[in-house]
Amino acid sequence: MPSRVYYFLLLTCITLSRAHATSGSKPSIPISLQQSGIGKAFYNRIDRANELAALEQQVEDHNALLVATANTRLEANSRRRLICLPLNEKFNPPMGQFSHNHVQNGDKLSVPRNFAEAFREGGFEVPFLLKVSRVEGVTKPMVEDDRIDNDTTPSRPLEEVVGGPLDFRAPSNYCFLPLWMMRAMRLHPRDIVDVKVTTTVPAGTMAKFRPHSSDFNKDISNPRAVLETELRHYSALTRGSTIAFDYNGKRYWVDVEELRMEPRGEKAPMVKVQDCDLATDFLMPKDEQKRRKEERKRRLEEQKGNQE
């Protein structure tokens with residue numbers, strides 16, 4: 001049988017199957033067609049499309065309710081429930097723009113146009129900030145995934161992270177996040193998150209970082225100056241996150257261990273770093289910390305063996 005005819009018959013059978021399923025009757029599709037590899041592939045694709053359509057409708061209904069119950073236009077545009085996907089190089093701004101080549105080593109996210117309207121109408125001070133939060137009972141549970149790079153994933157998952165807008169061209173009901181942000185909250189593609197404009201993040205005075213590799217201090221003669229330069233691509237920092245920056249063609253990862261805020265230097269979970277007089281400090285690298293811990297353990301075991 002010619003392949004085009006076979007595909008036509010297969011699509012016809014699938015359409016009839018869906019129609020019968022809606023009416024409650026059993027689909028009358030040949031068993032051979034249902035069990036074929038092509039048939040299974042089509043069924044899987046249609047099932048995934050149905051799941052995505054249901055997810056988009058769920059988010060659309062929630063956002064319609066948000067807009068309908070908002071007291072002002074500004075309030076309506078300042079928050080959304082969105083389906084998240086990771087940023088990729090297609091979002092890389094053109095050469096000459098500030099965030100060029102900093103899609104993954106920055107805190108910028110792509111969001112729908114309503115947030116641009118909110119920033120314009122609200123008259124907010126820069127930096128414009130957005131808080132991304134997991135939704136209890138809606139976002140999928142935090143499940144460890146072997147595909148996640150544990151070397152660049154915080155050991156303690158975060159419920160929320162703050163960042164700034166990269167652009168406002170994401171489709172309605174979608175947002176695109178840097179990979180480190182998705183890893184920090186243990187998000188997978190098409191998880192649901194809440195995104196809202198925030199104006200309550202205090203200005204930072206101090207940030208302490210823990211490099212993942214001792215190469216950080218070996219490769220960079222003045223790491224503090226380099227990091228402070230790279231922090232220009234972050235509007236804010238979230239304690240417990242793991243962020244990245246590139247230097248001389250190599251990517252370095254650092255944990256945000258401690259943050260302090262104005263005016264008296266109190267500890268804070270999130271701080272603004274743009275247009276702030278921020279002091280930075282570095283803790284012992286993770287690999288050196290691990291090496292010393294293993295060395296202490298080995299010595300204790302040797303002492304215990306000698307006593308026996």
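Predicted model: local features only at pLDDT ≥ 70, side-chain atom pairs only at ≥ 80, totals over all residues.
I started at T198, which is buried, with a relative accessible area of 7%. That counts as buried because the cut-off is under 20%.

Where does T198 lie? I found T198 in the loop between β6 (191-197) and β7 (204-211). I then looked for polar partners: the T198 side chain makes a polar contact with the side chain of T200, at 3.3 Å. Skipping neighbours within four places in sequence, I get L129, L130, K131 and V162 in contact with T198.

Next I looked up the nonpolar cores. Which residues touch the most other members of the largest one? I got L177, V195, F209, L237 and I243, out of 44 residues in that core. Strand β10 (residues 250-261) gives the most to this core, namely five residues. Apart from it I noted another core of twelve residues, including V59, L85, F91 and L166.

I went back to V195 for its contact list. With residues up to four places away in sequence not counted, V195 touches S78, R79, R80, L82, V111, F115, L130, K131, V132 and C175.

Last, the whole chain. I count nine helices and 13 strands in the secondary structure. Of the 308 residues, 43% are buried. For contacts with a separation of 6 or more, I read that 77% come from residues 24 or more positions apart. The accessible surface comes to about 17900 Å², and 51% of that belongs to carbon and sulfur atoms.

Note on methods. Residues numbered from 1 in each chain as written. Heavy atoms only, no water. Core = buried A, V, L, I, M, F, W, Y, C linked by side-chain atoms within 4.5 Å. Buried < 20%, exposed > 50% of the residue type's maximum accessible area, 1.4 Å probe, protein only. Helix = DSSP H or I, 4+ residues; strand = E, 2+ residues; numbered from the N terminus. Contact = heavy atoms within 4.5 Å. Polar contact = N/O pair within 3.5 Å; in protein donor to acceptor, adjacent residues only side chain to side chain. Areas by Shrake-Rupley, 256 points an atom, 1.4 Å probe, with all protein chains shown as cover.
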